[in-house]
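Subject: The two-chain model, handed over

Hi,

Have it open while you read, and write back with any questions.

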Amino acid sequence: MLQETFISQKSLIQNLTPWTRTLAVIISSTVIALSNNLSVLLPALGTALLLVSVAGLDFRQVGRRLLVLSGFLLMIWLILPFTYQGQIVWRISFLSVSHEGLLAATRLTLKTCSMLLIFLTLISTMSTADLAHALHSLKIPAKLVLLLLITYRYIFLIEDELQTLLRAAKVRNFKPGTTLHCYRTYAYLLGMLFVRAAERAQRVHQAMLCRGFNGRFHSLREYHNRSLDYGFLALVSIIAVLMTLCEWKVITLPTLF
Amino acid sequence: MHQTHSAILSLQKISFHYPNGPTVINDLDFTLNKGDRIGLTAPNGSGKSTLFHLIVGLLKTSSGRILCEDQEIIKEEDFRQLRRRVGLLFQDADDQLFFPTVLEDVAFGPLNLGKSKEEALTISHQVLQRLELVDFADRITFKLSGGEKKLVALATVLAMEPDVLLLDEPTAGLDHKTKLRLIELLNNFTDLTYLIVSHEFDFLTATTNHIYTMENGTILVDEELHIHHHEHAHRSGQQPHRHI
C-alpha cells in the first residue's frame, strides 16, 4: 500500500508553503541535472544531506528509499565503466575500465542521490493534494495536474482490485510458482486489472461529465507565502547561482572555501 | 397517465442498442412530472442503468426523443445544460468521488457551473450541513466507509442544485442504519423530483409514491392494487392465529 511516511513530519520545512517547496525543487533539480562538474555535484549532495537533517527525516526510512535506487545505480556501475571510451585505468583480462566511464558513473550516482534526497525532504513531506495545488499555481497545465490527482486517487482502488483478484485466486488454491500455468494466471490477472481499470476510468469520466466538467480545474486551497518562504527561496537561488558559476568555471571551488 | 405539459422530463419512444448488440431499451415512453417520486424495479440487465445514462446523455439513443420542459435535447451542449438540472447518483460511489478531500469534491460541481470560489464553498457547506456531514469536509474521500462514501456522493450531486435526482441502486452495499438515514433524507427533500432504481422493495415503498417495473426494454406502468398472498414461516405457525 502506498504510504506517505514523511507527511506528518514536523520541522522548519513543513512551515514552508507547498508552492515554495515545489519551486525550490524545480530550481535545484534543474541545476543538479545539468551540472557535470564534481566540484558542483559533491557540495550538492552535501547540501541535500543537510536538508534531510534539517527536515528531521528518519535516516532509516531515507536509507530504505536510497536502497531502492541502488539497484538502478548498480546497473550503471556494472555497465558504464566497462563500455565508456577513454583513458584506460585498469584491465581485467579482456575487460577494461575507463577513467571517463568511472567519472560518468560517479556523476550519475551523485546526481540521482542528491535529487532523490531533495525530493524526499521537500516534496514527500507534503500531501499529493498540496503538490497538485502547488503545481497548479506554478502554471503547470491543468491536464497534467488533474492526471496526477486522479492517479493518486485511483491508485488505491487499483491496488484494491488487484488484492481482490489475488484473493480470488488464493481461495482456489493458487500458489505462485514458475510453471506455465502460473505465468498464464498472472497474465490473466494483469489483463483483468487493466480491463477493470479502463472500465473504472470510463465511469469516472462519465461522473465528471455529469457534474459539468469541461476540462478546467479549479483549486480551493490558498497558501500565503511569508518572509520565511522568500528567505528560503533566496537561499536556494543563491546556491543555484553559485553552482552554475562553478559549473561554468567562472569561480572554482578552492576560491569558495 | 400524466399530462405532458407539466413534465420536467419526457422520453418519447426512445430505443437503444449497443453496436451489433441486442436492443436494451425498446420504444420506451416515460414522463416525469414535477414532484414525482418514482421507483423502478426490475431484474438485473433489464436496462435500468442504461436508461439513466441515456437520460443524461452519457449514451446516445438510437431513436426517439428526449424532452426537458418541452425542449428537445439533441446536442451535447443541450445535455450539458440538462445535467445541471438532472443529477445522477452512480451505483458505485467510488466512481463519483475523485478529489482527495470531501469539500473539494462537493465544490467541484458548483465550480464547473461557473460559481466563484466563495459561492462554491457556501453551497458545499450548505449541502454538507443538510446531509449532516459538516465534520466530513476535510476528510480524505478514499478513506471513508462505504456508507459515508454514498452520502458524500449524494452531497456532490445535490451541490449542483438539481431539480431531478436519478438514483441508481442507492442502497447497494449499505447497512441498515445508513439505509434508514437515506430514507429519512430523501423524504425530507420535499422540493425534489426523483427516480430511483432499486431491487429493494421496502426501500422503494418507503421513499416513492409509485413503483414501476421494466420488461423487454420498456417501463410497465401498473397503478392497480393487487391482492396477493405471502408464504411465511415462524414458530408455532401450525396453531390457528391472526396477524395484526
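Asn20(B) is exposed, because 5 other C-beta atoms lie within 10 Å of its own (a residue is exposed at 12 or fewer such atoms, buried at 20 or more and partly exposed in between, with C-beta atoms placed from the backbone). Asn20(B) sits in the loop between S1 and S2 of chain B, and its phi is positive, about 60°, although it is not a glycine. Before going on, please note that this is a predicted model, in which local features need pLDDT of at least 70 and side-chain atom pairs count only at pLDDT 80 or more, while totals for chains, interfaces and linings use all residues. Residues are numbered from 1 along each chain as its sequence is written, and chains are lettered from A and ligands numbered from 1 in the order in which they are written.

Helices (H or I, at least four residues) and strands (E, at least two) are DSSP runs numbered from the N terminus, and two strands pair if DSSP finds at least two bridges between them. Leu9(B) has Leu32(B) as its bridge partner in S2(B). The hairpin has 5 residues between its strands.

Glu161(B) also has a positive phi, about 50°, without being a glycine. Glu161(B) is found in the loop between H6 and strand S7 (164–168) of chain B, and counts as partly exposed because 16 other C-beta atoms lie within 10 Å.

Leaving aside neighbours within four places in sequence, Ala155(B) is in contact with Val106(B), Val127(B), Leu128(B), Leu131(B) and Leu133(B) (contact means C-beta atoms, placed from the backbone, within 7 Å).

How many residues does each chain bring to the contact between A and B? Chain B brings 26 residues and chain A brings 19 residues. On the side of chain B that touches chain A, helices H2 (76–85), H3 (93–96), H4 (102–112) and H5 (117–130) each supply at least two residues, and H4(B) gives the most, with 7 residues.

In chain A, the axes of helix H2 (residues 38–55) and helix H8 (residues 227–247) come within 9 Å and cross at roughly 160° (axes are lines fitted to C-alpha atoms, for helices over the stretch in contact, and angles run from 0 to 180 degrees between N-to-C directions). H2(A) and H8(A) are therefore roughly antiparallel to each other, a label for angles over 145 degrees.

Lastly, confidence. Chain B averages a pLDDT of 87, and 95% of the residues score at least 70; pLDDT is the predictor's confidence in each residue, from 0 to 100. Over residues 1–5 of chain B the pLDDT is below 50. Where pLDDT is low, the predicted coordinates should not be read in detail. The predictor gives the complex an ipTM of 0.75 and a pTM of 0.72.

Best wishes

Technical notes:
Contact = placed C-beta atoms within 7 Å. Parallel < 35°, antiparallel > 145°, perpendicular 65-115°, else oblique.
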